[in-house]
Amino acid sequence: MKLAVDAKRTNLKATPTVFDSDEGFPEFAEPGSFEIRKGMVMMACPGCGRLSGMTAGYPKPGRSPSWEISGPPEAPTFSPSINCVGCCGWHGYLQNGVFNSC
């Protein structure tokens with residue numbers, strides 16, 4: 001079931017997944033779904049589900065923009081905040097596997 005677009009969506013549990021890239025990545029996925037890959041994270045915006053890639057790792061990669069990942073892979077924390085541009089504009093935090101808007 002797809003969630004309606006909500007740029008202020010909060011208290012959404014992050015869902016680890018594997019995005020099939022055999023024929024290219026989908027444009028949209030279930031909001032809050034993510035896959036940690038080497039040096040990056042594929043994430044569906046918590047507000048609208050638009051899929052994008054983020055440079056991320058532990059420690060935080062030197063190039064900008066980038067995010068540090070901490071915590072267990074099934075319930076990660078990203079730092080700093082996430083500002084989804086080019087879609088609904090959701091802005092917030094992923095802490096302990098839960099997305100919360102600012």
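## The largest pocket

A pocket is an open set of grid points where a 1.4 Å probe fits, with protein on both sides within 12 Å along at least five of seven lines. In this predicted model, the largest pocket has a volume of about 160 Å³. Its lining is made up of M43, C45, R50, S52, G53, M54, W67, I82, N83, C84, V85 and C87.

Two elements give two or more residues to this lining, namely β5 (51-57) and β8 (82-83). The most comes from β5, with 3 residues. Sorted by class, the lining of the largest pocket holds 8 nonpolar, 3 polar and 1 charged residues.

Strands of a sheet pair through backbone hydrogen bonds, and the pairing can be parallel or antiparallel. Here, an open sheet of 6 strands runs in the order β2-β3-β4-β5-β6-β7, and its pairing is mixed. The edge strands are β2 (15-16) and β7, each of which pairs on one side only.

Within this sheet, β3 (residues 33-37) and β4 (residues 40-44) are antiparallel partners, joined over 4 bridges. In one of the residue pairs, I36 has V41 of β4 as its bridge partner.

## T55 in strand β5

Strand β5, which contributes to the pocket lining, also contains T55. Buried means under 20% relative accessible area. T55 has 15% relative accessibility and therefore counts as buried.

The side chain of T55 makes a polar contact of 3.3 Å with the side chain of R63. Apart from neighbours within four places in sequence, T55 is in contact with G39, M40, P61, R63, P65, S66 and W67. One of these residues, W67, is also part of the lining of the largest pocket.

S81 is located in the loop between β7 and β8. With a relative accessible area of 19%, S81 is buried. Its side chain and that of H91 are joined by a polar contact of 2.9 Å.

If residues up to four places away in sequence are not counted, S81 touches W67, H91, G92 and Y93.

## Cis peptide bonds

The loop between β7 (77-79) and β8 also holds P80. A cis peptide bond joins S79 and P80, with omega at about 5 degrees.

Another cis peptide bond links Y58 and P59, where omega is about 0 degrees. P59 sits in the loop between β5 and β6 (67-70).

## Positive phi at two asparagines

N11 is not a glycine, yet its phi is positive, at about 60 degrees. The residue lies in the segment before β1 (12-13). Exposed means over 50% relative accessible area. N11 has 60% relative accessibility, so N11 counts as exposed.

N96 likewise has a positive phi without being a glycine, at about 55 degrees. Its place is in the loop between β9 (91-95) and β10 (98-101). At 62% relative accessibility, N96 also counts as exposed.

Note on methods: Residues are numbered from 1 along each chain as its sequence is written. This is a predicted model: local features need pLDDT of at least 70, side-chain atom pairs count only at pLDDT 80 or more; totals for chains, interfaces and linings use all residues. Side-chain values use heavy atoms; hydrogens and water are left out. On a 1 Å grid over the protein atoms alone, a cavity is a set of points where a 1.4 Å probe fits but cannot get out, and a pocket is an open set with protein on both sides within 12 Å along at least five of seven lines; lining residues have an atom within 4 Å of a point. Grid points are joined across faces, edges and corners, and a volume is the space filled by probe spheres set on the points. Ala, Val, Leu, Ile, Met, Phe, Trp, Tyr, Cys and Pro count as nonpolar, Asp, Glu, Lys and Arg as charged, and the others, Gly among them, as polar. Buried means under 20% relative accessible area, exposed over 50%, partly exposed in between (1.4 Å probe, protein chains only). A polar contact is a pair of N or O atoms within 3.5 Å; within protein, one must be able to donate a hydrogen and the other to accept it, and residues adjacent in sequence count only if both atoms are side-chain atoms. Contact means heavy atoms within 4.5 Å. Two strands pair if DSSP finds at least two bridges between them.
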